[in-house]
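Here are some friendly notes to read alongside the structure. Take them one at a time, with the view open beside you.

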Amino acid sequence: MTTLLWVIVPYVALAIFVVGHIWRYRYDKFGWTTRSSQLYEDRLLRWGSPLFHFGILFVFLGHVMGLVIPKNWTDAIGMSEELYHFLAIAVGGIAGFCTLVGLVLLIYRRRTTGPVFRATTRMDKAMYVALALVIALGLWNTVAGGVLNLGGHYNYRTGVSEWWRSIFYLQPKPELMAQAPLGFQLHAMTAMALFAMWPFTRLVHVFSVPLFYLWRPYVVYRSRSDRLGSRSQPRGWDRVDSPRR
Amino acid sequence: MRVMAQMAMVMNLDKCIGCHTCSVTCKQAWTNRSGTEYVWFNNVETRPGQGYPRTYQDQDTWQGGWTLTKRGRLKLKAGGRLKNLATIFASPKMPSMSDYYEPWTYDYESLTTAPAQQHTPVARPKSLLSGKDMNISWSANWDDNLAGSTEIVPGDPVLAKVSDKVKLEFEQTFMFYLPRICEHCLNPACAASCPSGAIYKREEDGIVLVDQDACRGWRKCVTGCPYKKVYFNHRTGKAEKCTFCFPRIEVGLPTVCAETCVGRLRYIGLVLYDADRVLAAASVPDEKDLLRAQRDCFLDPHDPEVVRAAEAAGIAHDWVLAAQRSPIWSLINDYEVALPLHPEYRTMPMVWYIPPLSPVVDVVAETGEDAEDPGNLFAAIDTLRIPVEYLAELFTAGDPVPVTNVLRRLAAMRSYMREINMGREPEESVATAVGMTGADIRGMYRLLALAKYDERYVIPPTHAEQAHGLEELATECSLDYDGGPGMGGSGPFGEGSGSQTPLAVENFAALKSRQRSDFGTDPSDKAARVNLLNWDGNGSPSGLFPERRDSNEPADGEKRS
């Protein structure tokens, strides 16, 4: 059971995540969009969307800090356990709270604004459930474990984090997760579900963060000649001067 | 000097009767789909009026186009790159659906399913967004022909810039139509605002397009475009804009809006310009210099040095020849009667307008004076500040001089040609008064009034070496692709997802011969015709030869077989 939950499921989910994105990008570039509904409604969106998105950006950074960077690295630069803990609880708590408030606003908006609800696909709904669960459980772990100290102290940096990294070393340590508190287990499990559905939802737009915009020239020029017509070249119609693409 | 070619348009507003044929045919061709109900690549606005979307010209509100920083550098009015990215999660300056209009349909089914009743059943308007009953309170041409003008016209942002006295008189005196498409700017703010780099300008002909596969729906282009001519398809989540009908242009046909224009007021042709001068021209400090600066970017296609540079830059010789014959170049440079729309947005727009003289003529005619007498017209242009000020706000960033000059030239043409029509000797002094010669006036008259098809549209087709990209037009069924018709419009990820749809246009030669022919097309034998491209050479399918007549009934004039 431990192996199934903390070895097989994560690998399957991550494999779907990676392969799914490649497949989606190749098959459905046209569907790869934020699917913004701002045109329908922007009073609630104006608050909800930045709250959620900026919140989740900080939550992501927090996860990089907690999951990816080993404890002995932060020890090495002289960051004390208390300081780390304080940072994680304060920044993580605030960011998580903003994210949750934003998400609630957005879901409320989605449900109550007629045109927005009509534009919501089944996949969107499933994704919202998974996303809300993951965020709620994550916030619960921060608050319950860090602030209220329910169920004793659990240092995820020597548990969950090591398990997470072990997956990428291809030497999984499922026993670490098996010993983790239920809240963390549920958070990890729902996150795996979210990863597995990720490529098939609008969440793909996360990978379109247009940072390149900061460097590229303002006006983009393209030549028509490198792509003729709207379809790929039929066999036997290759141009003389260029190898077949 | 970096020579580039730009496909451009000029519209002669004097001839626009506001019939909306261009809008309707454009919509049928391009935006007759769900998600684009409110999208009008081409629209015709009554001026004065609020335009579409409402008050789009008020850049203090909508923040479109470019502005100059304190140090004189060009910057997007909505904010620089960092600000643009930081506001990506909720675009702060985007028109909402109410600034366009809520698209609707009618519940036609109730007309056929209603039971017998005393009152006639009614097809209620249903919102295409929410599916609910709705009250129709605004649409794309709600203020057509100054409808509701006492309430709506005061909201015209252009009117707000002209003086109060003028404002009051204007509403009672003038009206004209302004057809608008995408400006295909030399310095497009939409492309500059696009975080994904999906909006691009084609090197060959300067047409600005949205790469539908690269667009991620950030909506920044909608804010960036000061003309609000980039629209957000709310079903596919992608930006869409006027394409200058590039599949038609590529085969040498005019755009749909131009082709179907009843007043024949649209001109299409090439302009050569120096791409190295564009940035400097767009950054001149005084807005009133922008018109001259943009004119200075254009290169004289007759200048041998320009021709050499153009060919060095890979512009084909027939394109240079087309640029020399271009009506756009003539109207902008030779006759100097075309002006850009809102040069103060600093995007270097490439759809230019000949301002209308008719409001002035109407006023003179109403006074009972001779409205074609040059003296009367010149005096009226000078004294009637009203149309000139308003037109100047539209076309010259408020500088009345270029508008006055154009109107004087149009007035001179009217008077000069009247003399010819009346069988009298035309007065050369009329022409010289506006800095032209009689020959110039006759040339301008030919281009503006006679407006021959070949002279209005000088569109060099793309090159033979690229022809197989267009092969689908003639030799294959344009519906022959994965998931073609009958496969349903929606992929698993919502509207329009999945692989792309090829574009197709009517066969160039067939359309041309149909349009130029002296006879109407007889569709009666259409069903009997055979497509020779599909004939394998065996047998004679029905329709290959004319039907054999009964042998004892001699057919006159027809060869017996």
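Predicted model: local features only at pLDDT ≥ 70, side-chain atom pairs only at ≥ 80, totals over all residues.

1. A:Leu170 is not a glycine, yet its phi is positive, at about 65°. Is this residue buried or exposed? A:Leu170 is exposed, since a residue counts as exposed with 12 or fewer other C-beta atoms within 10 Å, and A:Leu170 has 7.

2. B:Thr55 sits in the loop between E2 and H2 of chain B. With 19 other C-beta atoms within 10 Å, B:Thr55 is partly exposed.

3. B:Pro48 is placed in the loop between strand E2 (43–47) and helix H2 (59–62) of chain B, and a cis peptide bond with omega of about 0° joins B:Arg47 to B:Pro48. B:Pro53 is also found in the loop between E2 and H2. The peptide bond leading from B:Tyr52 to B:Pro53 is cis, with omega near -10°.

4. Back in chain A, an unreviewed UniProt entry carries the annotation "transmembrane region" for residues 6–23, 44–64, 84–108, 128–148 and 191–215. What does the model show over residues 6–23 of chain A? That stretch is 100% helix and 0% strand, and its end C-alpha atoms are 26 Å apart. Residues 44–64 of chain A are likewise 100% helix and 0% strand, with 30 Å between the end C-alpha atoms.

5. Now for an overview of chain B. Its secondary structure comes to 24 helices and 16 strands. Chain B has 561 residues, of which 45% count as buried. Taking the contacts in chain B between residues at least 6 apart in sequence, 68% join residues at least 24 apart.

6. Strand E1 of chain B, residues 3–12, is worth a look: 10 of its 10 residues are buried.

7. How does E1(B) pair with strand E12 (residues 266–274) of chain B? The two run in the antiparallel sense, over 9 bridges, and B:Met4 has B:Tyr273 in E12(B) as its bridge partner. E1(B) also pairs with strand E14 (residues 351–354) of chain B, this time in the parallel sense over 4 bridges. There, the bridge partner of B:Asn12 is B:Ile354 in E14(B).

8. In soluble globular proteins, nonpolar side chains tend to be buried together. The largest nonpolar core here has 152 residues, and B:Val10, B:Leu272 and B:Tyr353 touch the most other members. Apart from that core lies another, of 27 residues, including A:Phe52, A:Ile56, A:Met177 and A:Leu194.

Note on methods. Residues numbered from 1 in each chain as written. Chains lettered and ligands numbered in written order. Buried ≥ 20, exposed ≤ 12 C-beta atoms within 10 Å, placed from the backbone. Contact = placed C-beta atoms within 7 Å. UniProt positions renumbered as here; feature names shortened; annotations may be inferred. Pairing = 2+ DSSP bridges. Core = buried A, V, L, I, M, F, W, Y, C linked by C-beta atoms within 7 Å.
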